[in-house]
Amino acid sequence: MSKGLKSQEVKKKIEKHGYNQLEKVERTSSLKVLLNQFKNNVMIWILIVAAAAALLTAKTAEFYFVSLIIVIVAFMGFFQEWKAEKAMEALRKMSSPTIKVYRDGELKSIPTKELVPGDLIKLETGNKVPADAEVIDPKNLKVDESILTGESRSVAKEDGEMIYSGTSISRGRCEAIVRKTGMDTKLGEIAGGLQKKVVETPLQKKVKKLSKKIGYIAIITSIILLAIGFTIGAPSEEIVTVTIAIAVAVVPEALPLIITLTLSLGMKKMAKKKALVKKMLAVESLGSTTVICTDKTGTLTKNEITVKKIFTNGKEIDIEGSGYETKGKITIEDREINIDENNPLNYIIKASSLCNDSEINFNGKEPEIHGNPTEASLYTLVEKTKYTNDEIREKYERVEEIMFSSARKRMTTIHKKPEGKGHIAFMKGAPEVVLERCTHILEGNERKKLTQDKKKQILSKNKEFAKKAMRILSFAYREDAPVSSNKDEVEKEMTFLGLAGMIDPPREMVPEAIKKCKKAGITVKMVTGDNPETAKAIAKKINLTDNPKVITGEEIYEMNNEELKEIIEDVDIYARTYPNDKLRIIKALQGHGEIVAMTGDGVNDAPAVKNADIGIGMGIKGTDVTREASDIVLQDDNFNTIVEAVKEGRRIYSNIEKFTSFLLSRNFTEVMLIGIVLAVIRDFTFLPLIGMQILFLNMIGQVGPGLGLGIDPATKGIMNKPPKEPERELLNRKNLFVITSAAITMVLMAGISFIYGNILGSLELARTMTFASISIMIIANAYNFKSLEKSLLKLNLFKNKWMILATLLTIPLIILAIYLPILQIIFDHVALNRIHWTVALITGLTTVILIEIVKRISKYIDL
């Protein structure tokens with residue numbers, strides 16, 4: 001009878017169950033990305049209405065100009081978000097795409113997505129399990145389920161037991177029948193729980209709120225003007241012209257564009273620093289973060305467990321090196337040890353290699369680990385000696401094994417002695433468990449009785465190692481061991497060898513990164529499945545806190561949501577936690593108004609990552625599900641990259657505040673100027689600026705300097721300030737005071753130019769002089785708005801090359817608009833002489849001094 005399914009059966013099952021892949025969370029099409037640029041964007045819709053009004057009233061130039069603005073803003077947002085989407089698709093393709101399966105009686109290699117329930121697959125060490133499957137005929141099978149459970153120790157699997165999609169084979173081999181695929185797997189259940197409505201970021205909320213306010217002002221102002229116009233009997237065409245001018249003046253057309261460009265350039269900058277931003281507005285939100293909840297293993301630490309201490313023969317031995325480096329001396333009291341002269345240590349080295357299922361390939365740029373990190377650390381220890389694992393394993397052939405389990409807390413292997421001199425058994429496991437099975441201890445070359453005093457000494461050293469955040473294993477052996485899988489027959493009358501203390505070293509940059517977080521007013525909280533003592537010791541090593549407060553998953557389980565919320569902010573470490581605990585932790589913190597960032601790599605982290613204000617996934621060690629759930633993916637899995645991203649986010653938010661204030665001060669100037677003239681003269685033909693002039697000033701005049709403010713370098717000490725309060729508006733009281741006061745000063749100066757122009761000549765001259773005066777204000781005050789607090793004299797005006805370039809490009813455009821004949825017709829301009837320019841320069845530059853006074857006053861006003 002042939003093995004596996006037949007091709008016809010497979011086709012039917014694919015039709016019934018679908019492909020073996022996680023459903024994409026509303027996989028974004030290019031059209032949807034484009035439409036998203038218009039969704040809930042009030043300012044763009046006001047511009048669309050203005051363009052329609054211009055078209056209906058035959059204002060062709062205005063129509064094309066406004067339409068161009070709409071196209072530019074929409075295209076920039078589309079281009080950047082589509083690039084991020086494609087980058088995430090590339091990340092998703094990093095996982096292994098094929099699996100060995102029996103089809104039509106033959107063993108074939110097929111794409112994992114083509115697996116169906118009933119398929120018979122073949123798995124071996126290093127394979128990723130592609131679907132939920134039932135084990136058949138396992139050979140020393142162990143499975144790493146850490147991405148589902150958070151536990152790093154591999155689990156032994158017997159015939160008939162289930163293995164789950166996303167886990168990996170750490171040892172042995174088996175065949176397995178696929179039972180569930182795609183979204184029906186355990187991994188799929190978790191992924192399905194992530195398919196929820198996307199929560200708006202703080203910046204989205206603030207921009208939307210600001211846009212609505214501006215929209216209401218534009219609508220109300222337009223209605224008032226229409227009412228006034230029809231009341232005084234002004235011609236309909238003039239009423240529409242003035243209404244369009246005011247609507248255009250109210251709406252900062254450049255604001256969506258500059259926000260888009262600032263964020264997109266920020267995304268590009270962050271990508272260079274190995275932080276891939278999936279959604280543009282997430283850049284700023286990271287800068288507003290007040291709490292970072294981070295997993296310990298693989299994020300704060302390397303997940304490269306290292307043997308640092310051995311206790312044997314009554315003495316403590318030091319092991320140099322970290323991670324999977326094979327270089328490192330083995331010393332006692334700074335004296336290097338000769339392994340051949342230290343019999344107990346010699347046996348521990350053999351036990352470390354033989355009672356071990358891991359393998360490491362050191363030939364590549366990075367060590368390739370097969371097996372769990374704990375056993376890999378023992379493998380590395382052996383390589384630091386004059387022996388190699390290959391030599392030892394070849395010399396001592398394994399003939400039997402009694403596997404590890406969480407209940408047994410130990411593992412035993414039986415090996416042929418060299419030259420056929422019987423068999424030897426090696427055991428490793430928890431110290432208290434191994435000691436129970438030992439009757440003797442190896443001291444020097446002698447096998448001595450294991451007394452109670454010696455047991456106490458060993459357990460005391462075990463406790464000492466534990467307080468140093470070490471994971472401890474102990475070793476024992478038995479000469480002339482029977483070849484049997486019966487634990488009671490083999491695991492008795494053993495000889496104790498010693499202890500090995502291991503640490504999972506922190507990433508090198510983590511202590512400094514956490515120090516920066518503290519200065520920035522950001523709280524870092526550790527959320528881990530590890531035990532409290534280990535977590536506390538690691539916390540001290542990475543400078544998290546000197547005296548960390550810890551609660552466990554069991555304690556969290558006993559609390560209701562209100563009780564958890566009450567104590568949540570005082571806790572530094574959440575130990576022995578489970579996925580649901582992480583969700584509750586995040587929600588409790590958010591209940592205090594915190595902006596929470598959550599880092600994670602395993603599938604068990606994905607729901608919490610999704611529910612955090614900013615979800616941060618890991619690009620290298622992270623799972624597909626967690627990367628999908630995240631807002632930002634760290635391509636180097638480096639905690640320090642988060643801090644750089646926070647700095648970039650803060651710079652962006654500060655710049656958004658600056659250019660928003662700058663743009664609105666200009667728009668307030670235009671609205672107030674037109675409003676005052678209409679209120680006094682009540683003549684719709686006597687406007688100080690027409691629609692095309694306003695469009696030019698708002699776009700050509702502001703995009704250059706405005707964008708320059710958007711990409712302004714971070715101000716000194718930006719990471720020494722606390723985060724912005726989450727509820728702080730872009731237009732807070734202090735900024736609004738500066739904006740309004742600046743607008744009033746500019747209205748006064750622009751009004752002088754308009755009046756003087758009317759005295760000297762015509763309405764066209766007055767409008768041209770007003771245009772020139774406001775253009776000078778735009779260029780000069782862009783530098784003033786480089787800081788809403790510091791004086792212009794204390795700023796580095798030449799650090800921002802884009803501002804200088806924008807200035808140099810804007811000046812010729814203003815001159816062309818005034819002197820080029822075809823543009824004179826479009827803008828209703830006349831040429832200016834030296835006297836006209838002198839008035840424009842004096843009125844324009846005077847505002848710089850007045851706004852400096854406004855900024856100084858704002859520092860002493862409690863707003």
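## Stop one: an aromatic cluster

Select F696, F771 and F827: together they form one aromatic cluster. Rings of Phe, Tyr and Trp (its six-membered ring) pair here if their centres lie within 6.5 Å; planes under 30 degrees apart count as stacked, over 60 as edge-to-face and the rest as tilted. This is a predicted model, in which local features need pLDDT of at least 70 and side-chain atom pairs count only at pLDDT 80 or more, while totals for chains, interfaces and linings use all residues. Residues are numbered from 1 along each chain as its sequence is written, and side-chain values use heavy atoms, with hydrogens and water left out.

The whole structure holds seven aromatic pairs. One of them joins F696 and F827 edge-to-face, with 5.2 Å between centres and 75 degrees between planes. The partners are 131 residues apart: F696 sits in helix α26 (residues 691-710), F827 in helix α30 (residues 821-827). Helices (H or I, at least four residues) and strands (E, at least two) are DSSP runs, numbered from the N terminus. Are F696 and F827 buried or exposed? Both F696 and F827 are buried. Buried means under 20% relative accessible area, exposed over 50%, and partly exposed in between (1.4 Å probe, protein chains only).

## Stop two: two crossing helices

Select residues 763-784, helix α28, and residues 834-859, helix α31. Their axes come within 8 Å and cross at roughly 40 degrees. Axes are lines fitted to C-alpha atoms, for helices over the stretch in contact, and angles run from 0 to 180 degrees between N-to-C directions. The α28 and α31 crossing is right-handed. A crossing is left-handed if the near helix is turned anticlockwise from the far one by less than a right angle, and right-handed if clockwise. Colour the contact of α28 with α31 by class: 13 nonpolar, seven polar and two charged residues. Ala, Val, Leu, Ile, Met, Phe, Trp, Tyr, Cys and Pro count as nonpolar, Asp, Glu, Lys and Arg as charged, and the others, Gly among them, as polar.

## Stop three: a covered helix

Go to helix α13 (residues 373-383). How many of its eleven residues are buried? Ten are, and the helix is mostly covered. Among them are P373, E375, Y379 and V382.

## Stop four: lysines over rings

Select K186 and Y164. K186 lies over the face of Y164, 4.5 Å from the ring centre. Then try K350, which lies over the face of Y347 at 5.3 Å from the ring centre. A charge sits over a ring if NZ of Lys or CZ of Arg is within 6 Å of the ring centre and within 35 degrees of the ring normal.

## Stop five: a loop glutamate

Pick E493, in the loop between α17 (487-490) and β22 (494-503). Beyond its neighbours within four places in sequence, E493 is in contact (heavy atoms within 4.5 Å) with R437, T439, R447 and R478.

## Stop six: positive phi

D137 is not a glycine, yet has a positive phi of about 50 degrees. D137 lies in strand β4 (residues 132-144). D137 counts as partly exposed because its relative accessibility is 42%. E333, also not a glycine, has a positive phi near 50 degrees. Find E333 in the loop between β12 (330-332) and β13 (335-336). At 71% relative accessibility, E333 counts as exposed.

## Last stop: zoom out

Of its 863 residues, 54% are buried.
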